[in-house]
Amino acid sequence: GDGLFYFYQDKYFDAVVGLMVSQRFERITLQADEAEVLRGGMLLSYGLHREAGAIFATLIDKNVKPSVRDRAWFFLAKIRYQRGFLAEAEDAIAHVGNALPPALAEDRALLQAQLAMANGDFAGAARTLSALSATKPGAGPYTRFNLGVAMVRSGDAVGGSAQLDALGREKAFDEEQRSLHDKANLALGFAALQ
């Protein structure tokens, strides 16, 4: 509870330190696996891929609940993708079952699409992202950006350009959104040049 208190206040360093102290003194017994997933996710956000990967691999090897196992496989796939191990990332994402929390459904589809694009399957990525957009109205900006790029790269320049143009025209509320809008407009410009 102490770790989650700091986590939900966006005090991630305090959260991970508090969690590690509680684990060291064996204060977490009932939800030890859940705490490990949280710790691995926070270490991953700090760029500690090796340490986070070890945590997720250990959880996968243990006989844990399907929801914990699926999150561990998902985060392991994400780590492997970020490190450039595409085949290993595809293997890990294939192990994710149906117990992944709904909050990670968009991230899962986005990762699958990024893996498809990394392998040159832009049409497959567009299908994955289109299906996600159809089931989740108001899909996140990264999903819409990648859908636009995948559509353009798969030959649907009109549809992809419309996606990128809509994203580029949205009002940005922070630096991350402004950066994504700039990328969308830049991709739109490249699509127009082609």
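In the predicted model, helix H10 (residues 157-169) contains both aspartate 165 and arginine 169, which are 4 residues apart, about one turn of the helix. Their side chains are joined by a salt bridge with an N to O distance of 2.9 Å. Aspartate 165 is partly exposed, at 24% relative accessible area, whereas arginine 169 is exposed, at 66%.

The structure holds 4 salt bridges. Another of them links glutamate 175 to arginine 178, with 3.3 Å between the closest N and O atoms; both residues belong to helix H11 (residues 175-193) and are 3 residues apart, about one turn of the helix. Here glutamate 175 is exposed, with a relative accessibility of 55%, and arginine 178 is partly exposed, at 38%. A salt bridge is also formed by arginine 69 and aspartate 70, whose closest N and O atoms are 3.4 Å apart. Arginine 69 is partly exposed, at 29%, while aspartate 70 is buried, at 1% relative accessibility.

The largest nonpolar core comprises 31 residues, and Phe56, Leu59, Phe74, Phe75 and Ile93 have the most contacts inside it. Two or more residues each come from helices H2, H3, H4, H5, H6 and H7, with H5 giving the most, 8 residues. Beyond its neighbours within four places in sequence, isoleucine 93 contacts Phe74, Ala77, Arg108, Leu111, Gln112 and Leu115. A separate core of 11 residues includes Ala116, Met117, Phe122 and Leu129.

Technical notes
Residues are numbered from 1 along each chain as its sequence is written. This is a predicted model: local features need pLDDT of at least 70, side-chain atom pairs count only at pLDDT 80 or more; totals for chains, interfaces and linings use all residues. Side-chain values use heavy atoms; hydrogens and water are left out. A nonpolar core is a set of buried Ala, Val, Leu, Ile, Met, Phe, Trp, Tyr and Cys residues joined through side-chain atoms within 4.5 Å. Buried means under 20% relative accessible area, exposed over 50%, partly exposed in between (1.4 Å probe, protein chains only). Contact means heavy atoms within 4.5 Å.
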